[in-house]
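Visitor: I have a structure open and a few things to ask about it. Can we go through it piece by piece?
Guide: Go ahead.

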Amino acid sequence: MKAKITLHIYAKTTKANAAGQLPIYIRLTVDGQRFEFSSKKFIEKSKWSPELSKMKGSSEEARTINNYLDLMRSKVFDIQMELIHKNEELSLENFKSRILGTHQRERMIIPIYQNHNDKIEELIGNGYAYGTLERFKISLKHLQEFILWKYNIADISINKIDYAFVTEFEFYLRSVKKCNNNTAVKYVRNFRKIIKICLDNDWLDKNPCSRYEGKMKEVERDFLTEGELNKIYNKRFSSERLTLVKDIFIFSCYTGLAYVDVKGLKKDHIGIGIDGQKWIFKNRQKTDTKSKIPILPIAEELIQKYASHPKCLNEDSILPILTNQKMNAYLKEIGDLCDISKEITFHMARHTFATSVTLTNGVPIETVSKMLGHKNIQTTQHYAKILDKKVSEDMKNLRDKFSNNATTQQQKQFN
């Protein structure tokens, strides 16, 4: 990074013009290599000070020329600081290209990422959901913090991003930000989309993410069994607060709607379906995919129960839902009061709808997938795997029962 840099400004006596004036030249030397260029300024020989490298006197002409020469000195210094800041070589070529304006402006990753996010924000409700924007915003924030943490700079040229950068970013997410495997992989995949934009625009020649193989781990989604669901439904609470939370949770269990979708559920989202019965017609907030859900009797019962609630009347909402944080806190209390050992969260209601309410009762997986608003059936198939595990456990209990009966019969025979 160290380099010997000198700047010499002089009046060139060998190139006097017809009026006898001398052109002022600027010579930059970097580690013994020279580059000199004309300032396009001319001066009478007697007015030039070789010792001070400036025009003598304080006339208007002197102030104009000397100010220009000071600007050139500052420009060279600024270029030096820029190269050091960007960890680039202090070479004559790098100075020369910037002085002459032939240097191609580097594309930095943060403005490209921000531009991508701004476009998504403009398209919310038109192909993109708010949840998608939030994920990319968080991913950008993590990237900015990583660049500062790793390189002590605010931004980095896309040409400096290599495979090592990608793996270090993932390491940072796991170690410093304490992200679990799936969360870290999702953030890197978001970043990979920005790199694809760079490749598609021919801003990059090589894909730094081509060898990245971050794999998602399958996560077991907990749900309530039919017995546990009935236990909560039949439980009576003296507290209105717990009754409200129970009802909204049960409603989600019988509709499959996520918290944000229950919160945004309005009266005009309910209409008459193909069978002449009431259905919910609503785009999922997370993916903006259409959900069409026939309203089951228990869900209808709860809609009617809160139809005249002041909050529902004022906000044209279906249920007077609390914040997600409060809902989860009260659901933990409800779980304790119902002697359910599982840690109940509001999102468990969606999993319960997919398993205990629908799949267990013979609803085809394709139908469940459509009601849940899943973009592909593979997401829904995970719930079927959970049920396979339950079938295995139930059959094991049955085998044990048969084995115990057989043992008892044998003992009777010997006696």
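Visitor: Is Asp316 buried, partly exposed or exposed?
Guide: This is a predicted model, and in it Asp316 counts as partly exposed because its relative accessibility is 34%.

Visitor: Where is Asp316 in the chain?
Guide: Asp316 sits in the loop between α11 (310–315) and α12 (324–337).

Visitor: What is phi of Asp316 near?
Guide: Phi of Asp316 is near 55°, which is a positive value in a residue other than glycine. Asp202 is another non-glycine with a positive phi, of about 60°.

Visitor: And where is Asp202, and is it buried or exposed?
Guide: Asp202 is in the loop between α6 (181–200) and α7. Asp202 is exposed, because its relative accessible area is 66%.

Visitor: Switching to confidence. What is the mean pLDDT of the chain?
Guide: The chain has a mean pLDDT of 89, and 93% of its residues reach 70 or more.

Visitor: What forms the nonpolar patch on the surface?
Guide: Val391, Met395, Leu398 and Phe402 form that patch, with about 360 Å² of accessible area together. Phe402 is in helix α15 (residues 377–414). Phe402 counts as exposed because its relative accessibility is 52%.

Visitor: Why would a patch pick residues spaced like that?
Guide: An α-helix has 3.6 residues a turn, so residues three or four places apart point the same way.

Visitor: Cysteines next. How many disulfides?
Guide: The count comes to zero disulfides. Cys179 is in no disulfide, and the nearest cysteine sulfur to it, that of Cys209, is 17 Å away. Cys209 is in no disulfide either; its nearest cysteine sulfur belongs to Cys198, 9.7 Å away.

Visitor: Are Cys179 and Cys209 buried or exposed?
Guide: Cys179 counts as buried because its relative accessibility is 14%. Cys209 is buried as well, with a relative accessible area of 4%.

Visitor: What about salt bridges? How many in the whole structure?
Guide: A search of the whole structure finds 18 salt bridges. One of them joins the side chains of Lys12 and Glu36, at 2.8 Å from N to O. That pair links distant parts of the chain, 24 residues apart: Lys12 is in the loop between β1 (5–11) and β2 (22–30), and Glu36 is in strand β3 (residues 33–43).

Visitor: Which of the two is buried and which partly exposed?
Guide: Lys12 is buried, with a relative accessible area of 15%. Glu36 counts as partly exposed, at 30% relative accessibility.

Visitor: What does Lys342 form a salt bridge with?
Guide: Lys342 pairs with Glu228, and the closest N and O atoms are 2.9 Å apart. Lys342 counts as partly exposed at 22% relative accessibility, while Glu228 is buried with a relative accessible area of 17%.

Visitor: And Asp247, which residue does it form a salt bridge with?
Guide: Its partner is Lys305, with the closest N and O atoms 2.6 Å apart. This pair also links distant parts of the chain, Asp247 in helix α8 and Lys305 in helix α10, 58 residues apart. Asp247 counts as buried at 5% relative accessibility, and Lys305 is partly exposed at 48% relative accessible area.

Visitor: Which residues do salt bridges that share partners join into one network?
Guide: Lys12, Arg27 and Glu36 are joined into one network that way.

Visitor: Back to α10. Which of its residues are buried, and what covers them?
Guide: The buried residues of helix α10 (residues 297–305) are Ile298, Ala299, Glu300, Leu302 and Ile303. Their cover includes α7 (226–234), α8 (240–253), β6 (270–272) and β7 (278–283).

Visitor: Last one: where is Ser157, and what does it touch?
Guide: Ser157 is in the loop between α4 (130–151) and α5. Not counting residues up to four places away in sequence, Ser157 touches Glu106, Arg107 and Met108. Ser157 counts as buried because its relative accessibility is 4%.

Conventions: Residues numbered from 1 in each chain as written. Predicted model: local features only at pLDDT ≥ 70, side-chain atom pairs only at ≥ 80, totals over all residues. Heavy atoms only, no water. Patch = residues over 30% accessible without salt bridge, like charges linked within 9 Å, V, L, I, M, F, W, Y side chains within 5 Å. Areas by Shrake-Rupley, 256 points an atom, 1.4 Å probe, with all protein chains shown as cover. Salt bridge = Lys/Arg side-chain N within 4 Å of Asp/Glu carboxyl O. Helix = DSSP H or I, 4+ residues; strand = E, 2+ residues; numbered from the N terminus. Buried < 20%, exposed > 50% of the residue type's maximum accessible area, 1.4 Å probe, protein only. pLDDT = per-residue confidence, 0-100. Disulfide = S-S within 2.5 Å. Contact = heavy atoms within 4.5 Å.
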